[in-house]
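Let's take a friendly walk through this model, from its overall build down to a handful of side chains. Have the sequence and the 3D view at hand as you read.

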Amino acid sequence: MADLDTFRAETRSWLEANCPPEMRTPMRSEDDACWGGRHFTFQSEAQKRWMTVMGEKGWTVPDWPAAYGGGGLSPAETKILREEMKAIGARNPLSSFGISMLGPALLKYGTEEQKKRFLPEIARGEIRWCQGYSEPGAGSDLAGLQTKAEDKGDHYLVNGQKVWTSYADKADWIFCLVRTSTESKHGGISFLLFDMESEGVSTKPILLISGYSPFCETFFDNVRVPKDQLVGEVNRGWDVAKYLLGHEREMISGMGLGSGSAKTLAQSLGEIDDAILAAEVALFDVDALAFAAMSEHFIDQLKAGEAHPAMPSMMKYAGTELNKKRHELIMAAGGSDALEWESERSRGGKAPREWLRTKANSIEGGTSEVQLGIVAKHILQLPGA
């Protein structure tokens, strides 16, 4: 306990000295997120410095081994770091699919060479990743994917299409599911990594109803992928894919926690004249606090390797439904003013655009219906599920 108290004091002192004041304010929108990568444009020197110093410290991924660019912290120390960052309102220094999805998969399934090559770059924010999973004919039935990788001796030749590829037009590399055998639906899938600047890779943005979109169609036309960029065993990529999906659902469930502000929704909205709406907001805040407590417990279990395999599905469903409810209440409290779409007063229609964006939360990472089916079968063990 004394060691943890010392660590907390040292962490508090380090954060106070190294977290720029500009990085201690709530994010105004998704545009304030720091993604890193080869082509990322920092919004300020403060944003760049915060990512850099945290990356050098290993605290963008505090619980990863130090040998791979992490902080080498214990679960208890990692929890203290997050608490101290929250206490000063520090922003997440680096948002990254490499951190939230690919990294854990590489730690479990990657070769030593792959870990040393990719994980430190991810930790320092030097490489930005996108996820090549869904296809026009393979969404909820992901194992039905048809993107093909032919064995050409020293490399694979990839042909096909992915869809709903978040930030494909901004990513440096992609982790991609491909079909290497047709003998088995699940057993013929492999997991490849390759550079988005490889010859034959192209992307096309998909516009959403909100007017903004991170999503793209991604096309592969005779893309050469070296064989040392295969993760896990050939035709065993479904094992890697399932493990990664658990971490993706954990990431998406974090939407239920909101922007990270210490304020409740009632405090953020201020006085509400409608008594029924005020009661709904109060009930939401109770649910949000309960979800935050459940989320903390889930993360502790996950880091300790004690979480039920289906728990990410439960958390993903709860978090996305809570996030949708949050934005519905914000729209309701705003009245007709909340419908403003492009005015300066509305910050370019921030409220309605974010509200519309939440509709995709219950689709991405596996639909809510699929998550409920997983919970029914594997946690509740309902008959016939």
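A quick word on terms before we start: a residue counts as buried under 20% relative accessible area, as exposed over 50%, and as partly exposed in between. Asp-169, with a relative accessible area of 40%, is therefore partly exposed. Please keep in mind that this is a predicted model.

**The chain as a whole**

The secondary structure comes to eleven helices and eight strands. With a radius of gyration of 21 Å, close to the 21 Å that the globule rule gives for 385 residues, the chain is as compact as a globular protein of that length. Its C-alpha trace spans about 70 × 50 × 50 Å along the principal axes. Of the 385 residues, 46% count as buried.

**Salt bridges**

How many salt bridges does the count come to? The total is 21, where a salt bridge means a side-chain nitrogen of Lys or Arg within 4 Å of a carboxyl oxygen of Asp or Glu.

| Basic residue | Acidic residue | N to O distance |
| Arg-124 | Glu-126 | 2.7 Å |
| Lys-170 | Asp-169 | 3.6 Å |
| Lys-350 | Glu-354 | 3.2 Å |

Let's look at the partners one pair at a time. Glu-126 has a relative accessible area of 38%, so this residue is partly exposed.

Lys-170 is partly exposed, with a relative accessible area of 45%.

Why are Lys-350 and Glu-354 separated by about one helical turn? Because they are four residues apart in helix α10, which covers residues 350-357. Lys-350 counts as partly exposed at 22% relative accessibility, and Glu-354 is partly exposed at 25%. Elsewhere, salt bridges that share partners join Arg-8, Arg-12, Glu-83 and Glu-84 into one network.

Which residues form a negative surface patch? They are Glu-271, Asp-273, Asp-274 and Glu-280. To find Asp-274, go to the loop between α7 (265-269) and α8 (275-303). This residue counts as partly exposed because its relative accessibility is 42%. Members of such a patch need over 30% relative accessible area and no salt bridge, so Asp-274 at 42% passes the accessibility cut-off.

**Two positive phi angles**

As background for this part, most residues other than glycine have a negative phi. Against that, Asn-235 has a phi near 70°, a positive value in a residue other than glycine. Asn-235 is found in the loop between β8 (230-231) and α6 (237-253). With a relative accessible area of 24%, Asn-235 is partly exposed.

Gln-381 also has a positive phi, near 55°, and is likewise a residue other than glycine. Where does Gln-381 lie? Look in the segment after α11 (368-379). Is Gln-381 buried or exposed? The relative accessible area of Gln-381 is 63%, so this residue is exposed.

Note on methods: Residues numbered from 1 in each chain as written. Predicted model: local features only at pLDDT ≥ 70, side-chain atom pairs only at ≥ 80, totals over all residues. Heavy atoms only, no water. Patch = residues over 30% accessible without salt bridge, like charges linked within 9 Å, V, L, I, M, F, W, Y side chains within 5 Å. Areas by Shrake-Rupley, 256 points an atom, 1.4 Å probe, with all protein chains shown as cover. Lys, Arg positive; Asp, Glu negative; His and termini not counted. Charge placed at Lys NZ, Arg CZ, Asp CG, Glu CD. Buried < 20%, exposed > 50% of the residue type's maximum accessible area, 1.4 Å probe, protein only. Rg over C-alpha atoms; globule rule 2.2 N^0.38 Å.
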